[in-house]
Amino acid sequence: MQTYTGYESLLASAAATGQEPDEATLEGLRVFGEQAADDGITLRALVVHHLARARVAWPVGTAGADCVLATVQTAVEALCEGYERAQQLAFRQEESRRREFIDDLLYGRGDLGRLVERAEQFGLRLSHAHAVAVAEGADPYLEGEAVPRLVERAVNARFGDRNVLLTTKDGRMICIAPGDQRDVLIHFAKQAHAATDGGRAAIGRPHPGAGGVVHSYEEALRALDLAVRLELDDPVLYAADLLVYPVLTRDRQAMADLVRTTLGPLLRSRNGPQPHLDTLTAYFDAGCVTTYAARKLSLSVRAFTYRLERIHQLTGSDPLNPRHRYALQTAVIGARILNWPDQNA
């Protein structure tokens with residue numbers, strides 16, 4: 001291994017004059033340490049080699065020994081600083097490449113062939129199907145912070161290297177895994193929920209190819225959005241279980257017309273439509289069992305039944321009538337998805 005040029009002269013000068021290296025000399029040592037890192041030399045080998053050279057160049061006798069020892073320490077520290085500087089630069093460059101790749105992958109940007117090549121560097125084979133899980137909490141998740149590190153360690157400890165990519169994006173944690181390894185995504189989702197004491201995660205369906213990753217990612221995001229709009233309390237959501245909702249709203253204009261036509265008369269209610277919407281939601285969520293629904297709203301059965309009768313009077317649709325029930329329930333779901341009447345459908 002090459003020694004820093006002038007290292008022995010530096011030690012001899014310290015022994016003779018008692019002066020420590022100047023800043024220019026220290027910067028030269030740092031640059032040498034950077035170069036050693038770029039050349040693939042380990043930090044341990046670099047330090048051991050220069051300590052060994054210090055023993056060879058150690059001055060005879062005791063005069064100046066303390067100064068030489070101090071110079072050795074300062075020189076080794078400078079070498080280590082340069083080495084660490086090179087490592088930090090390499091890490092930032094790698095993280096930048098990783099972040100750029102994730103953005104291109106999740107937004108479906110860039111040349112497909114090049115994207116496939118880059119994906120293999122991060123353990124993903126885009127010729128296979130992949131699924132994406134997305135977790136969010138009360139506060140945004142940032143790369144390198146405690147919660148993402150905790151979740152990543154938990155996933156790696158259980159599954160090891162399974163061609164899984166964990167990252168953060170837009171304040172959310174993301175896990176991309178092969179489509180046939182659903183257990184990885186479920187474990188990730190559960191760990192994210194546990195780590196945040198109330199966070200929520202959604203898992204998209206597996207889809208093939210680079211576009212499949214984008215598709216699964218978007219499904220997971222839509223599931224999280226639906227959970228907020230529909231007030232779902234499940235800690236882990238599955239896009240496959242929520243497919244009926246995108247189907248219902250695929251023709252947004254038709255759904256808006258149904259909401260306005262079916263529920264519009266509730267706007268004439270003295271207290272506005274919200275109490276009636278809450279009544280219908282509780283009723284349908286309880287399987288149309290009046291007793292359970294009344295309990296959920298902390299109402300007596302009589303008061304709850306009165307509300308149902310009032311809805312019938314205002315809308316002309318009877319929640320107790322199976323022929324009317326489907327249209328009412330679909331309209332209530334549409335109102336929640338479209339945020340009606342706050343955002344007038």
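**A chat about the model**

Q: Where is Gln253 found?
A: Gln253 is found in helix H10, which covers residues 252–263. Helices (H or I, at least four residues) and strands (E, at least two) are DSSP runs, numbered from the N terminus.

Q: What should I know about the model and its numbering before we go on?
A: This is a predicted model, in which local features need pLDDT of at least 70 and side-chain atom pairs count only at pLDDT 80 or more, while totals for chains, interfaces and linings use all residues. Residues are numbered from 1 along each chain as its sequence is written, and side-chain values use heavy atoms, with hydrogens and water left out.

Q: Back to Gln253: is it buried, exposed or partly exposed?
A: Gln253 has a relative accessible area of 48%, so it is partly exposed. Buried means under 20% relative accessible area, exposed means over 50%, and partly exposed lies in between (1.4 Å probe, protein chains only).

Q: How far is Gln253 from Lys190?
A: Their C-alpha atoms are separated by 37 Å, and the two residues are 63 residues apart along the chain.

Q: Let us look at the whole chain. How many helices and strands are there?
A: The protein chain has 14 helices and six strands. With a radius of gyration of 32 Å, well over the 20 Å that the globule rule gives for 345 residues, the chain is more spread out than a compact globule. The radius of gyration is taken over C-alpha atoms, and the globule rule is 2.2 Å times the number of residues to the power 0.38.

Q: What box do the C-alpha atoms fill?
A: Taken along the principal axes, the box is roughly 105 × 45 × 35 Å.

Q: And what share of the residues is buried?
A: Buried residues make up 43% of the 345 residues in the protein chain.

Q: How far is Leu79 from Gly211?
A: Leu79 and Gly211 are 46 Å apart in space, C-alpha to C-alpha, and 132 residues apart in sequence.

Q: What does His187 touch?
A: Not counting residues up to four places away in sequence, His187 touches Ala154, Val155, Arg158 and Phe159. His187 lies in helix H7 (residues 182–196), and it is buried because its relative accessible area is 12%.

Q: Which loop holds Leu230?
A: Leu230 lies in the loop between helix H8 (209–229) and strand E6 (236–238). At 5% relative accessibility, Leu230 counts as buried. Apart from neighbours within four places in sequence, Leu230 is in contact with Tyr245, Ile333, Arg336 and Ile337.

Q: New topic: how many disulfides does a search of the whole structure find?
A: The search finds zero disulfides. A disulfide is a pair of cysteine sulfur atoms within 2.5 Å. As for individual cysteines, Cys80 counts as buried at 16% relative accessibility, and Cys175 counts as buried at 0%.

Q: Now the backbone. What is the phi of Ser298?
A: Phi of Ser298 is near 55°, a positive value in a residue other than glycine. Most residues other than glycine have a negative phi, and most peptide bonds are trans. Ser298 is placed in the loop between helix H12 (290–296) and helix H13 (301–315), and at 68% relative accessibility it counts as exposed.

Q: What is the phi of Asn339, and where is that residue found?
A: Asn339 has a positive phi of about 60° although it is not a glycine. Asn339 is found in the segment after H14 and counts as partly exposed at 29% relative accessibility.

Q: Finally, is the peptide bond from Trp340 to Pro341 cis or trans?
A: The bond is cis, with omega near 5°. Pro341 lies in the segment after helix H14 (322–337).

Technical notes: Contact means heavy atoms within 4.5 Å.
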